[in-house]
Amino acid sequence: MTVDALTDDALTDVAGLRVGHASRTGDGWLTGTTVVLAPEGGAVAAVDVRGGGPGTKETDALDPRNVVQRVEAVVLTGGSAYGLDAASGVMAWLEERGRGVPVGSDPAHVVPVVPAACVFDLGRGGDFRARPGAALGRAAVEAAAASAPGAPVAQGCVGAGTGAAVGAMKGGVGTAAVVLPSGVTVAALVVANAAGSVTDPATGVLYGELFQGRVEYPAPETHEAASRRLAESAAAAAPPPLNTTLAVVATDADLTKAQAQKLAGTAHDGIARAVRPVHLLHDGDTVFALATGTRPLDPGAADRPGGAPHPLALNDVLAAGADVVTRAIVRAVRAAETVETPGGTWPSYEDLYGDRR
């Protein structure tokens, strides 16, 4: 697998996908919404939820047994369950453009199915009632639509990652991508907002970097100072650690809904490599999978009798999905910046440990 052929090592390396962020900070706000906009006509979609306290919308529609095959957009948002209202702004934008499931003879009669999931960031800006709504969702989808094909994706404290935290440390949005030897692209976008830790408690090294084999250990005195600062921040923060890690894993491979659901499930392994513990009762860990279907899953199938793809052709995509989620979490934490509000202080990893990449 290689990143050499990638435009930006981001979710938008899956051709046709666009990402838009909308954020609000200050005056009690520290939250936002991120929208992944599919190409017109939608993408095959699936979901896997493993956290004990999920906040989601329209996930039942993604069950492979149900009628909806493709979706036009996925919403990741702050604001806990209140923030799911951001999806209504995305639905309205899509309806105005006739994008959705046709439900009548008039082309304007559509119902956009917009799956959504939320992270807990209530009160982190100081005002418990400051959370995303339809207007912020609309702003995020408009930002996605206005972006150029393959545009870089902003990372760190933006969109749904604006108020994200990983333990007592600042979290955020991260993204990564890879091109497989088959030419298939697999990419991920995450919102790192975990109740668990992303760092090894003995050394301060990011778990995700340990998995990748890219390790440069901080000096013991640096780790001790960072640990003290994190303990102080945790003690001073008022909101409880009710968190969630969200991800969208995408590919340009031609997948069925059942295959996309398998991809969403194995991508959770990428979270487990980078966050410990994970999938707790007060997490809502949710992974969406999108497949645009512009490339064959198994390019060699045409040379076989009957043209059937190899039954194990999906394996490389599954493995890559978990890998890009791990890398995206590392990039989210690395890109985050220290935030101090009336709701608390969340130091960034870079401020605590410096850039040792």
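The legends below describe close-up views of a predicted model.

Residues are numbered from 1 along each chain as its sequence is written, and side-chain values use heavy atoms, with hydrogens and water left out. Because the model is predicted, local features need pLDDT of at least 70 and side-chain atom pairs count only at pLDDT 80 or more, while totals for chains, interfaces and linings use all residues.

**View 1. Overall fold and confidence of the protein.** The protein has seven helices and 17 strands; helices (H or I, at least four residues) and strands (E, at least two) are DSSP runs, numbered from the N terminus. Its radius of gyration is 20 Å, close to the 21 Å that the globule rule gives for 357 residues, so the protein is as compact as a globular protein of that length. That radius is taken over C-alpha atoms, and the rule is 2.2 Å times the number of residues to the power 0.38. Along the principal axes, the C-alpha atoms fill a box of roughly 65 × 45 × 35 Å. Of the 357 residues, 56% are buried; buried means under 20% relative accessible area, exposed over 50%, and partly exposed in between (1.4 Å probe, protein chains only). Mean pLDDT, the predictor's confidence in each residue from 0 to 100, is 92, and 95% of residues reach 70 or more.

View 2. Where pLDDT is low, the predicted coordinates should not be read in detail.

**View 3. The six-stranded sheet around β14.** The strands of this open sheet follow the order β5-β3-β15-β14-β13-β12, with mixed pairing. At the edges are β5 (70-71) and β12 (172-179), each of which pairs on one side only. Two strands count as paired if DSSP finds at least two bridges between them. Strand β13 (residues 185-192) runs antiparallel to β14 (residues 246-253) and is joined to it by six bridges. Within this pair, Ala188 has Val249 as its bridge partner, and Leu189 stands opposite Val248. With β15 (residues 286-295), β14 pairs in the parallel sense over seven bridges; here Leu246 is partnered by Thr286.

**View 4. The two faces of β14.** Eight of the eight residues of β14 are buried, so the strand is largely enclosed by the rest of the structure. One side carries Leu246, Val248, Ala250 and Asp252, and the other carries Ala247, Val249, Thr251 and Ala253.

**View 5. The largest nonpolar core and Val249.** A nonpolar core is a set of buried Ala, Val, Leu, Ile, Met, Phe, Trp, Tyr and Cys residues joined through side-chain atoms within 4.5 Å. The largest has 48 residues, and those touching the most other members are Met169, Val186, Val198, Val249, Val317, Val325 and Ile329. Helix α6 (residues 315-335) gives the most to this core, with ten residues. A second, separate core of 33 residues includes Val74, Leu76, Val153 and Ala250. Beyond four places in sequence, the contacts of Val249 include Val186, Leu263, Phe288, Leu290, Gly321 and Val325.

**View 6. The five-stranded sheet and Trp29.** This open sheet has the order β1-β2-β6-β9-β4, and its pairing is mixed. Its edge strands are β1 (18-26) and β4 (56-57), each pairing on one side only. Five bridges join β2 (residues 29-37) to β6 (residues 73-77) in the antiparallel sense, with Leu37 opposite Ala73. Trp29 lies in β2 and, at 17% relative accessibility, counts as buried. Apart from neighbours within four places in sequence, Trp29 is in contact with Arg24, Gly125, Ala130, Arg131 and Pro132.

View 7. Most residues other than glycine have a negative phi, and most peptide bonds are trans. His279 is found in the loop between α5 and β15; its phi is near 60 degrees, a positive value. At 24% relative accessibility, His279 counts as partly exposed.

Terms used: Contact means heavy atoms within 4.5 Å.
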